[in-house]
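Reader: I would like a close look at one part of this model. Please take me through it step by step.

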Amino acid sequence: MPSRIHLAKFLSRRSLASETVEFTFSLPAGVAGVAGLAGASAAPSQAAAAGPVPSSAAPWLSEAELKFRPGQFISVQVGIDDDQNPILRSYSLASPPQRRAELAIVLRLIPQGLGSQFFDRLRPGDSMRFTGPMGFFVNELSHSGDVIYVATGTGIAPILPMLAETLDRPEPGRVSLYWGLRSEDEVFWQDELAALQSRHPRFSPYIYLSQPRTGWTRLRGRVTGPVLEALPTLRTPTFYLCGNGKMIEELKASLVSRGIDRKRQIRTEAFFD
Ligand SMILES: Cc1cc2nc3c(=O)[nH]c(=O)nc-3n(C[C@H](O)[C@H](O)[C@H](O)COP(=O)(O)OP(=O)(O)OC[C@H]3O[C@@H](n4cnc5c(N)ncnc54)[C@H](O)[C@@H]3O)c2cc1C
């Protein structure tokens, strides 16, 4: 069955950190759907240059709200290739599902990246065409033990709403976040993490910088080592790993070699290899 296409309107952008931007969209009411992004060949051919879909591109119709679970992603049409096929990029939903009429994504802008250019060129009122939400990188329905989230870079995007969902449950386990970035200017959402920590004493965030400038007195290095060091202290842990594919593969292999069950205790979402 072809996936349903949604149309969202670009509202605003907010710089979060170096080359990291939050883009917010609204889901306009009263617009209906068409089937299959492949049908995009009928769309205006502007997108070969990865430009935004003009507002006049209706009848690409959508709903006024989007139902999704924290951790899921959408597949966005960022252009059209020479054969008139849509060029797609995936983005995790960074907003909480309770904000159903709006959605946010957090993007690392890659120089010359087609997806990055599509978002960078958006102007308020422009349309974004996407399918989803989709994906299985979501919280277990309940956790009987500790929960460990590990992210690198913008891999934090789906993790923040997942953390909020887990922490709002009356579960007994400790919840930790290990977030790896290169340097100070890449760090964001410190207030959001601090707010979660003050509301939920069972939550501990740890931010690691692999290339800090001189003067950084907090945690240094990559996230893999500290997670493995904490392993003996964890009670029936569930791991959620997101971001850089190399970090995910390395950490997953190390966890499995130490007795963690790959299928039952580890969930992953690789943004790139
Ligand atoms: C399920 C899923 C969810 C994703 N969610 C997000 C998200 O929430 N935010 C986000 O920024 N990206 C996310 N990505 C990555 C995104 O789909 C694109 O790959 C990314 O935006 C680069 O696309 P581009 O066309 O701009 O550059 P491209 O030319 O396609 O990519 C250039 C290179 O950039 C590197 N790269 C890709 N993504 C990142 C990144 N996030 N950080 C650092 N380097 C990267 C890769 O090495 C890639 O080969 C997700 C990917 C998947 C599969």
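Which residues of α2 are buried?

Author: A caution to begin with: this is a predicted model. The buried residues of α2 are Ile156, Ala157, Pro158, Ile159, Leu160, Pro161, Met162, Leu163 and Thr166. That is 9 of its 12 residues, so the helix is mostly covered; buried here means 20 or more other C-beta atoms within 10 Å of a residue's own.

Now the helix itself. Helix α2 runs over residues 156-167. From its first C-alpha to its last it reaches 16 Å. That is close to the 16 Å expected at 1.5 Å a residue.

Next, the core. The largest nonpolar core has 55 residues. Ile105, Tyr149, Val150, Ile159 and Trp179 have the most contacts inside it. The largest share of this core comes from α2, with 6 residues. Domain 1 (5-134) and domain 2 (147-272) both give residues to this core, so the core lies between them.

Leaving out residues up to four places away in sequence, Tyr149 touches Ile159, Met162, Leu163, Leu177 and Tyr240. Ile159, Met162 and Leu163 are among the buried residues of α2.

Last, the ligand. The shell around the ligand also draws on both domains, with at least three residues from each of domain 1 and domain 2. Of the 20 residues around the ligand, Ser90, Gly113, Gly115, Ser116 and Phe272 come nearest. Strands β4 (86-92), β5 (102-108) and β11 (266-272) and helix α1 (114-120) each supply at least two residues of this shell. By class, the shell has 10 nonpolar, 7 polar and 3 charged residues.

Note on methods. Residues numbered from 1 in each chain as written. Predicted model: local features only at pLDDT ≥ 70, side-chain atom pairs only at ≥ 80, totals over all residues. Helix = DSSP H or I, 4+ residues; strand = E, 2+ residues; numbered from the N terminus. Expected span 1.5 Å × (residues − 1). Core = buried A, V, L, I, M, F, W, Y, C linked by C-beta atoms within 7 Å. Domains from an automatic or database assignment. Contact = placed C-beta atoms within 7 Å. Near = placed C-beta within 6 Å. Nonpolar A, V, L, I, M, F, W, Y, C, P; charged D, E, K, R; others polar.
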